[in-house]
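The sequence and the structure are shown first.

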Amino acid sequence: MIARVADHCFWLGRYIERTENTARVLHVTGALALDAELPSRRCWHPLVVVSGQEADYVERFGRDALGDAELVQRYLARDGKNPVSLTRSIGAARENARSIREVISLEVWQVINELHVFLASDEAALMYEDDRDALYARVQRSTQLGLGLLRSTMLHDAPLDFIWLGVLLERVGQTARMLDVQYHALIAEGAPHAVLETALWLSLLRACSGFEAFMKRSRGKVTGAAVAAFLILEPRFPRSVHYCVSSAKDRVASICRDGELRGEEAVAKLEALEAMLRAIGPHELQGARVHEILTQVVNEAHAVCDAIGSKLLGYDEPGATQSQSQ
């Protein structure tokens, strides 16, 4: 498998997952803004931070605009200059899919292409103005369908391993950043009363697609420590940091099993990160310790991506495919 194809597979997975995640957090935050008695900035500013585009947003619109619900939503959903907006992310997913059309299945290509065409249509523009929740839900369903079709219509060999590796590493970053930003805000600013605090923790779980799984797993009081433990340490939840790190390690090991590709550095980093997570007790997830752990997770995930790029995707070789926007 040549590096160019592996690169497109890896980024196809990342962009599909990124699109689904952005649509989900926009949907959940919109509901929270309607139901909770919170300042607009408290609801919408974290989304800009999690997207990694706060500096660009502030430069273009000013810091006071971080609480502008309409502007934040348009920036994350339809802004053609924002590299992580829904339209740009699905456009990038389509371009990667087009470049490896012979690798992915027809069903996967159709779902990605149809979503790309839809988001550029007048129908999507009208839906954004009239029924934003329906738009976000449609994007979620389409990307989730695409992720499911990847697993059910493609051979489970190296191309799918690279695609799913991209999905898993994107999830690690998204879950860690979402929890870090929201946990810090809740601990630092607090909530006016216990009912609202519980609602905020549950909203965070919904933003990570973990509400129902958490309620089945933890049958007690909803607390910050319990939510943090679930999203970081739960080995059976497919969006938890621990699950994604462990699964990503297995994917890299599978890719390199025949000895032709040199992924030992990435495997070693993922094994070290997995060991660190295994050593954490739920009782440790209090206050500043949560931020320390999540910062380490994000930094190590970036280091893993760098190792994959240099050793498996050939970024540091002459004429190699260049890394895409992270």
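Predicted model: local features only at pLDDT ≥ 70, side-chain atom pairs only at ≥ 80, totals over all residues.

Is Gly314 buried or exposed?

## Basis of the report

Residues are numbered from 1 along each chain as its sequence is written, and side-chain values use heavy atoms, with hydrogens and water left out.

## Gly314

Gly314 counts as buried, because its relative accessibility is 5%; the term buried applies under 20% relative accessible area, exposed over 50%, and partly exposed in between, with a 1.4 Å probe and protein chains only. The residue lies in the segment that follows helix H15 (288-311). Helices are DSSP runs of H or I with at least four residues, numbered from the N terminus. Although 308 residues separate Gly314 from Ala6 in sequence, their C-alpha atoms are 9.6 Å apart in space.

## Helix H7

Helix H7 (residues 122-130) has Ala124, Met127 and Tyr128 as its buried residues. They lie on the same side of H7, because they cover an arc of only 105° around the axis; the arc is that of the directions from the helix axis to the C-beta atoms. An α-helix has 3.6 residues a turn, so residues three or four places apart point the same way.

The packing partners of these buried residues are helix H4 (69-77), helix H6 (106-119) and helix H8 (132-153), where contact means heavy atoms within 4.5 Å. On the face of H7 turned away from the buried side are the exposed residues Asp122, Leu126 and Asp130.

## Cysteines

How many disulfides does a search of the whole structure find? The search finds zero, a disulfide being a pair of cysteine sulfur atoms within 2.5 Å. For Cys9, the closest cysteine sulfur is in Cys256, and the 15 Å between them is too far for a bond. The sulfur of Cys256 has its closest cysteine sulfur in Cys305, at 14 Å, which is also too far for a bond. Cys9 is buried, at 0% relative accessibility, and Cys256 is buried with a relative accessible area of 14%.

## The largest cavity

Three cavities of 30 Å³ or more are found in the whole structure. On a 1 Å grid over the protein atoms alone, a cavity is a set of points where a 1.4 Å probe fits but cannot get out, a pocket is an open set with protein on both sides within 12 Å along at least five of seven lines, and lining residues have an atom within 4 Å of a point. Grid points are joined across faces, edges and corners, and a volume is the space filled by probe spheres set on the points.

The largest cavity has a volume of about 110 Å³. Its lining comprises 13 residues, with Thr29, Leu32, Gln182, Ser203 and Leu204 nearest the centre. H10 gives the most, four residues. Ser203 belongs to helix H10, is buried at a relative accessible area of 10%, and touches Val28 and Leu32, not counting residues up to four places away in sequence.

## The largest pocket

The largest pocket holds about 330 Å³ of space. It is lined by 22 residues, and Val50, Ser51, Glu170, Gln174 and Arg177 are the closest to its centre. H1, H2, H9 and H15 each supply at least two lining residues, and the largest share, six residues, comes from H9.
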